[in-house]
Every structure is written in structure tokens, then in C-alpha cells.
2 protein chains.
Amino acid sequence: MTRAPYHHGDLRRALLSETAKVIEESGIAHLSLRDLARRVGVSHAAPAHHFRDKTGLLTALAVEGFDLLAAFSAAAREDSDDFLEVGVAYVRFAVAHPAHFEVMFRPGLLDNDDADLIAARQMARARLFPPAAQAAGEDSASLTAGLAAWALVHGLAALWLNGALPDGAGDDPETLTRAVAAHLFARSNPQPSSG
Amino acid sequence: MTRAPYHHGDLRRALLSETAKVIEESGIAHLSLRDLARRVGVSHAAPAHHFRDKTGLLTALAVEGFDLLAAFSAAAREDSDDFLEVGVAYVRFAVAHPAHFEVMFRPGLLDNDDADLIAARQMARARLFPPAAQAAGEDSASLTAGLAAWALVHGLAALWLNGALPDGAGDDPETLTRAVAAHLFARSNPQPSSG
DNA sequence: GCGAGAAACTTGTCAATGTCAAGATTCGGT
DNA sequence: ACCGAATCTTGACATTGACAAGTTTCTCGC
């Protein structure tokens with residue numbers, strides 16, 4: 001069984017996981033289908049059979065990402081009723097799966113009409129926002145409150161992954177998220193004012 | 001009379017502006033140096049003389065972006081003392097210059113050792129955060145408050161540009177920013193804070 | 001006003017990439 | 001065992017980023 005078989009066996013999964021690894025290590029710009037094929041040990045045209053093209057591969061990765069995000073979110077909701085924990089889980093997911101996170105929010109790289117992508121995204125959104133907030137979706141104040149929470153953790157995750165945060169932010173994203181999110185919906189120290 | 005001269009005259013600026021246009025229209029993935037050269041009417045190797053390579057071109061675009069962000073921020077600070085206006089200016093900049101914004105926070109695409117880039121980024125940061133907040137940088141609460149504001153507007157801008165926001169968010173980013181940012185530093189539903 | 005050197009731009013070339021087409025090998029059901 | 005289908009390979013082509021070397025224009029000292 002050590003001889004490389006004609007059929008890889010699980011090429012689709014191997015390519016997806018290798019794609020995530022390459023993006024994390026070298027960035028999405030240096031991602032090459034032929035290089036991926038080389039790493040996995042198949043010919044340069046093999047990926048095309050599982051994913052139509054590069055866009056298809058990234059779309060599949062994004063679908064996997066939304067599934068993972070839904071799982072992270074559901075797990076956090078089980079552990080606690082606090083909505084804050086869902087936000088922490090959002091950042092935790094982004095840091096644990098940076099390649100997935102990067103691809104999920106780049107429509108230009110994806111096949112946005114893909115049925116799996118649409119379904120996975122919708123499912124992730126349903127897991128993220130509590131049922132109550134969805135029922136009160138018409139309420140403008142409730143909507144902007146949800147958007148504020150989303151924007152805060154999304155921005156924090158993006159800035160963290162880009163290495164844009166100052167040194168004082170520390171080295172634990174989870175702790176940072178709790179500290180930063182405390183300023184939402186809660187009276188805290190007065191806002192920084194211009195001198 | 002309009003015979004193309006050997007020297008373009010302002011090739012560097014023309015390439016930068018065309019780069020921004022292409023990114024806005026087709027996404028950064030489809031950006032090609034040769035295509036840019038074709039659009040501007042020069043040979044395929046001309047860009048290399050102004051920008052070492054593709055990374056150099058994008059780095060120059062990021063520098064331009066940080067300069068623009070600094071200008072937006074300074075203008076907002078002149079109009080009002082309210083720190084909220086700086087956040088609104090942040091989103092306004094991102095929506096007005098989406099290509100610049102996209103490139104500025106992608107270290108994988110840039111030459112992060114570039115002196116101009118480092119200087120422009122630092123200057124933009126100085127314009128964004130009020131002097132008072134910087135002096136009190138050691139204060140943890142003040143730091144997280146600033147990060148909360150930054151993360152909120154950054155995340156909101158990113159989600160807006162990605163088209164990730166729900167329909168209920170409206171079509172005016174500035175109005176949305178004010179509505180969403182109102183949940184920061186404002187007493188609302190009490191929330192247990194740990195940090 | 002002129003000549004040398006630098007700057008701006010061109011042409012030519014090369015390896016690498018994404019994608020398509022066509023052939024080879026293996027799998028699965030009957 | 002057999003046949004269609006799924007999986008993978010080889011081959012080919014246009015396009016790209018980057019490099020090298022040549023050509024045209026500008027600049028500046030004299």
C-alpha cells in the first residue's frame with residue numbers, strides 16, 4: 001500500500017486541507033493549483049476534477065469555513081447563554097482557521113451563486129444570531145445592536161490576523177475580545193476625547 | 001498632435017489610479033501588470049521601472065491609501081470634536097476608496113519593510129487616535145476603548161465592502177455607522193463584563 | 001548649445017501558471 | 001466478468017511576472 005495508487009483515495013479533502021495550510025503559510029496570493037497538486041502527489045490537472053477551477057476550490061474552502069463557524073458558534077451557545085460568548089467564538093474561529101476566514105468574506109474569489117455556499121452561509125448566520133434577535137429583525141435598534149456586535153468581533157479578528165493591532169493588545173485573542181467587547185452595550189470609562 | 005510620446009509624463013500616477021480602478025471593478029485577483037500597461041498605453045515592462053514588481057505597486061497603493069485615510073481623519077477632526085466623526089470618516093474613506101482600503105490591511109501583498117509604508121501607516125494612526133488617548137496608551141481601559149472603536153468601524157467597513165450586511169442595513173454607510181456606533185460607550189441593556 | 005550620463009521606456013525572452021482536450025487506469029453495480 | 005462512470009495522467013496553449021539588453025528622451029554641467 002506504500003505504492004502510490006492511481007486513485008488518491010481522498011484527494012478532495014487533501015487538497016482542501018493543503019490549501020488552508022498554504023494560505024496560512026504563504027498567503028493566498030502565492031496559492032497555485034499546480035503547486036498544490038505537487039504537494040499532494042498528483043498530476044497538475046487532478047484538482048480540476050474535484051473543483052472546477054481555482055474559484056471552485058476557494059468556494060469549497062469557504063463552505064467548509066462557514067460550517068466550522070456554525071459549529072464554533074453552536075458550541076459557544078451550549079456552554080453559556082451569554083451572547084458575548086458567541087462573539088468570543090467568532091474570534092476564536094477566525095484565529096484557529098485563518099485561511100478559511102480570509103476566503104469566506106471575499107466575494108471576488110468565490111462563486112457566489114454556488115448553492116452549497118449560500119446554504120452554508122445562511123446556516124452560519126442562523127447559528128450566530130440568537131433566534132430572538134432574528135424574530136425582532138424588524139426592530140431597527142435590535143438590528144443595529146446585532147450589527148455592532150458583529151462588526152466589532154469581525155473587525156477585531158481581521159485586525160488581529162493582519163497583525164495590525166498595537167503591541168499593547170497582548171497575545172491572547174480571547175482575552176482581548178472580552179476586554180474590547182466590554183465597551184459594547186455597557187457604560188464604561190468615558191470615550192477618548194480629542195484634546 | 002496626440003502622438004504618444006516616448007515618455008508618458010506621469011506614468012506612475014496613471015498606473016496607481018488604473019490599479020485602483022481595476023481592483024474596484026474586477027477584484028484584486030484579476031489584477032495584471034501587463035493588462036495595466038496595456039490600459040495605460042505603455043509596454044509590458046514599463047511598470048517595473050516605477051514599481052519594482054507587483055508587490056511594489058500594491059505597496060505604493062497602500063501608502064497612498066494611508067495618506068488618504070490620514071486626510072479624511074484630519075478633516076473630520078476639524079469639523080467636529082466628537083470622536084465619533086473620526087469613526088464615520090474611517091468608513092467614509094473605505095467606501096470612497098475600496099481598492100486602497102483592501103490593500104492597506106493585507107501584509108501578504110505588501111513589502112512590509114518599505115520605509116514609505118511604515119511612515120504613512122504611522123502617520124495615519126496618529127491622525128486617527130486623539131493625542132490624549134495616545135498619551136494614556138498605558139492605561140488598559142483606554143487602550144481597549146480605542147481598539148473597540150477601531151474594530152467596530154473597521155469591521156463595519158469590511159462587511160459593507162464585502163456585501164455581507166443584510167438588506168436592513170440600508171444603503172447609506174454613513175448613517176449606518178452612526179446608528180451602529182451609538183452602541184459603543186453607551187448605556188443600554190446591562191451586560192456582565194469581565195476585564 | 002552641446003555633450004555625457006541618467007531616466008524613461010521598448011523589445012525579447014524564460015519559467016511558471018490556469019485551463020482545456022484527450023487518453024489511461026480503476027471503481028462499482030449488475 | 002463486464003461495462004459505464006469516476007478518477008487521474010499526459011500534452012498543449014495563451015497569459016503572466018520578471019529579467020536582460022537595447023533605444024529614446026531628458027537633465028545638467030560646462
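**Entry 1: chain A as a whole**

I began with burial in chain A and noted that buried residues make up 40% of its 195 residues. I keep in mind throughout that this is a predicted model, and I therefore looked up the confidence next, where pLDDT is the predictor's own confidence in each residue. Chain A averages a pLDDT of 90, and 87% of the residues score at least 70. One stretch I marked for caution is residues 188-195 of chain A, where pLDDT stays under 50, although the model has 28 contacts there beyond four places in sequence.

For the secondary structure I counted 10 helices and 0 strands in chain A, and from the N terminus on I read the elements as α-α-α-α-α-α-α-α-α-α. I then asked how far along the sequence the contacts reach: taking contacts in chain A between residues at least 6 apart in sequence, I find that 68% join residues at least 24 apart.

**Entry 2**

I turned to V22(A), which I located in helix α1, residues 11-26 of chain A. Setting aside residues up to four places away in sequence, I see V22(A) touching L31(A) and L36(A). For V22(A) and L36(A), which are 14 residues apart in sequence, I noted a C-alpha to C-alpha distance of 8.3 Å.

I28(A) counts as buried because it has 21 C-beta neighbours inside 10 Å. Again not counting residues up to four places away in sequence, I28(A) touches I23(A) and E102(A). I also checked I28(A) against A99(A), and although 71 residues separate them in sequence, their C-alpha atoms are 8.1 Å apart in space.

**Entry 3: A48(A)**

I placed A48(A) in helix α3, residues 47-50 of chain A. With 14 other C-beta atoms within 10 Å, A48(A) is partly exposed. From A48(A) to L184(A), 136 residues apart along the chain, I recorded a C-alpha separation of 46 Å.

**Entry 4: the nonpolar core**

Which residues touch the most other members of the largest nonpolar core? That core has 111 residues, and I noted L152(A), V180(A) and L152(B) as the ones that touch the most other members.

**Entry 5: chain B**

I found K21(B) in helix α1, residues 11-26 of chain B. K21(B) is partly exposed, since 13 other C-beta atoms lie within 10 Å. The C-alpha atoms of K21(B) and W150(B) are separated by 27 Å, and the two residues are 129 apart along the chain.

Last, I looked at a pair of helices in chain B. Two packed helices are described by the angle between their axes and the distance between the axes, so I took down both values. Helix α4 (residues 54-79) of chain B packs with helix α5 (residues 83-96) of chain B at an angle of about 145°, and their axes are 8 Å apart. I recorded the crossing of α4(B) past α5(B) as right-handed. On the α4(B) side I listed L68(B), L69(B), F72(B), S73(B), A75(B), A76(B), R77(B) and D79(B), which meet E85(B), V86(B), V88(B), A89(B), R92(B) and F93(B) in α5(B). Sorted by class, this contact has 9 nonpolar, 1 polar and 4 charged residues.

Conventions:
Residues are numbered from 1 along each chain as its sequence is written. Chains are lettered from A and ligands numbered from 1 in the order in which they are written. This is a predicted model: local features need pLDDT of at least 70, side-chain atom pairs count only at pLDDT 80 or more; totals for chains, interfaces and linings use all residues. Axes are lines fitted to C-alpha atoms, for helices over the stretch in contact, and angles run from 0 to 180 degrees between N-to-C directions. Helices (H or I, at least four residues) and strands (E, at least two) are DSSP runs, numbered from the N terminus. A crossing is left-handed if the near helix is turned anticlockwise from the far one by less than a right angle, and right-handed if clockwise. Two residues are in contact if their C-beta atoms, placed from the backbone, lie within 7 Å. Ala, Val, Leu, Ile, Met, Phe, Trp, Tyr, Cys and Pro count as nonpolar, Asp, Glu, Lys and Arg as charged, and the others, Gly among them, as polar. A residue is buried if 20 or more other C-beta atoms lie within 10 Å of its own, exposed if 12 or fewer, and partly exposed in between; C-beta atoms are placed from the backbone. A nonpolar core is a set of buried Ala, Val, Leu, Ile, Met, Phe, Trp, Tyr and Cys residues joined through C-beta atoms within 7 Å. pLDDT is the predictor's confidence in each residue, from 0 to 100.
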